[in-house]
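Good morning, everyone, and thanks for coming. I'd like to walk you through one model today, so please have a look at the screen.

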Amino acid sequence: MSDEREARLEKLEALREAGVEPYPTRSSRDITAADALARYDELQGQRVTVAGRLMALNDMGKSVFARIEDATGRIQLYFRPNDLGEEAFRRTRLLDLGDFLQASGTLFTTKTGEKTLRVDHYELLAKTLRPLPAKGAGGDLKLFDPETRHRKRYLDLIANRDVEFPIFLARARVLSSMREFLNSHGFIEVETPILQPLYGGATARPFVTHHNTLDRDLYLRIAPELYLKRLIVGGLERVYEIARNFRNEGIDRDHNPEFTMMEFYQAYADYEDVMRLVEELYAAVAQAVLGTTRFEYQGAAIDIAPPWKRLTLREAIAEVTGIDYENYPEREALAAAMRERGFEADPKLARGRLIDTLKDAITRGETARIKDPLFLYDYPRDLSPLAKQKPGAPDTAERFQAFAGGLELGNAFTELNDPLEQRARFEEQARQRARGDDEAQPLDEDFLEALEFGMPPTGGYGGGIDRLTMLLTDQSSIREVILFPTLREK
């Protein structure tokens, strides 16, 4: 690496001595590589200018063939001293793979049938001082080491563009199509605080920071939920936010401490209305990204078109584990039943969180027993402090979660809008925190005051963008769909 860098620095100095600026301020590309090739017949006889990164260079003595790459594709360049002049042609020896070039000329077809630009003028746009990743067996650049790929995503994008570009273009399309769908259904996009005086809206540990001027601790949000509900109180009936959230938790195949969610809230709706909207939303997004609602995820055939399968949480857990948690109304009895069947039962967790452990065992990860798109609904009330109680079932909350391919995609409630009941739920969360559950939610007096001004019946949903992108691009790790994932120190 050091020898290669030194050689490139010498070429950089030689260019400057020849009066060439290796990092000019302006460029003048007038066509992309893909457009030039697609419009080949139309452009015959016209002079065009392309630009991109130099990815191949073949010096044949009296001529040079090169290939540059831009975001749209690659195009071959042909250099001859007759077209360029002797001095400019000699300077092609000072070029290296990775350099950014701008080339002007006319298109022609080589004897081998490749559409090529015959260059009559070129400019160096940026000199590269470090070599690109080594070439693989097929002659193309390849970067296989996951550690390097994730730490230096720019190299990953250069070397593995045929894989990486489609993933991140798909992610962008997920976001744009989601916005299109929600906007067309009368929702408005809003922004709520990332720095919050009190975190809430999810079961998670926060990141804490300090504001010097105010001399107070603030929290990076774990969810936008409580602020979006304040907007429902204020009269905005359909709102959504595509939000960066931060949770001080572990890192694994489907968790990253910094991640993206879409949350929406709809007044005069309940969790059944939200189920129908969510399955329509995901089908529309899949159609926009893939052109179909049918695809494979990690070897499992998925059809995300409505209607999705619906199971109560109790039914699903009993069917897969043999544990009907309604038969174990006390925490210790449920924990004993779990241990008998080989499930971990953390002594710090309340009964509701133990049920959540059983749910995760059957729905998430590579060993998930349920792969088809699924809504699990009707959760224990003590596991759902922000969800409304199901009529006639005092221990059950109107909550559902969406799953597909072993991924949890999102979480939804018929939102609790009784301020007195919400206070009681928060107080129960405080007792759970005192027993050692450091992910229990804090009591938010400002949010409770807002609820006392009245919130209409409301349904809400929060869905992970990263996991949805994993599903639609067939990626097994969240690191593959986040450009710069959180990593341990080297």
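This is a predicted model: local features need pLDDT of at least 70, side-chain atom pairs count only at pLDDT 80 or more; totals for chains, interfaces and linings use all residues.

Residues are numbered from 1 along each chain as its sequence is written, and side-chain values use heavy atoms, with hydrogens and water left out.

So, the overall picture. The protein has 15 helices and 19 strands; helices here are DSSP runs of H or I with at least four residues, strands are runs of E with at least two, and both are numbered from the N terminus. Along the principal axes, the C-alpha atoms fill a box of roughly 90 × 55 × 45 Å. Of the 490 residues, 51% count as buried. Buried means under 20% relative accessible area, exposed means over 50%, and partly exposed is in between, with a 1.4 Å probe and protein chains only.

Now contacts, meaning heavy atoms within 4.5 Å. Among those between residues at least 6 apart in sequence, 64% join residues at least 24 apart.

On to charge. There are 68 positive and 83 negative side chains, with the centres of the two sets 5 Å apart. Lys and Arg count as positive and Asp and Glu as negative, leaving out His and the chain ends, and each charge is placed at NZ of Lys, CZ of Arg, CG of Asp or CD of Glu.

How many salt bridges does the structure hold? The total is 48, where a salt bridge is a side-chain nitrogen of Lys or Arg within 4 Å of a carboxyl oxygen of Asp or Glu.

Glu164 and Arg149 meet at 3.2 Å, N to O. Glu164 is in helix 7 (161-184) and Arg149 in helix 5, so this pair ties together parts 15 residues apart in sequence. Both residues are buried. They also belong to a salt-bridge network with Arg153, Asp156 and Glu480.

The second pair is Asp438 with Arg205, whose closest N and O atoms are 3.3 Å apart. This one links distant parts of the chain, 233 residues apart: Asp438 is in the loop between helix 13 (419-434) and helix 14 (445-452), and Arg205 in the loop between strand 7 (195-196) and strand 8 (207-211). Asp438 is partly exposed at 39% relative accessibility, and Arg205 is partly exposed at 31%.

Arg221 sits in the loop between strand 9 (216-220) and helix 8 (225-233), and Glu241 in strand 10 (238-246), 20 residues apart. Buried or exposed, what is Arg221? Arg221 is buried, at 2%, and Glu241 is buried at 3%.

Leu143 lies in the loop between strand 5 (115-126) and helix 5 (146-151) and is buried at 13%. Beyond its neighbours within four places in sequence, Leu143 contacts residues including Arg149 and Asp156.

Next, helix 15: 9 of its 9 residues are buried, among them Arg467 and Met470. Just after this helix, Asp474 takes a positive phi of about 60°.

That brings us to the backbone. Most residues other than glycine have a negative phi, and most peptide bonds are trans. Tyr268 has a positive phi of about 60° and is exposed at 57%. Asp378, in strand 15 (374-380), has phi near 65° and is buried at 11%. The Pro306 to Pro307 peptide bond is cis, with omega near -5°.

Finally, the surface. Which residues form a positive patch? They are Arg5, Arg130, Lys152 and Lys490. Patch residues have over 30% relative accessible area and no salt bridge, with like charges joined within 9 Å and nonpolar side chains (Val, Leu, Ile, Met, Phe, Trp, Tyr) within 5 Å. Lys490 comes in the segment after helix 15 (465-473) and is exposed at 82%.

Definitions and conventions: Accessible areas come from the Shrake-Rupley method with a 1.4 Å probe; for residues, only the protein chains shown count as cover.
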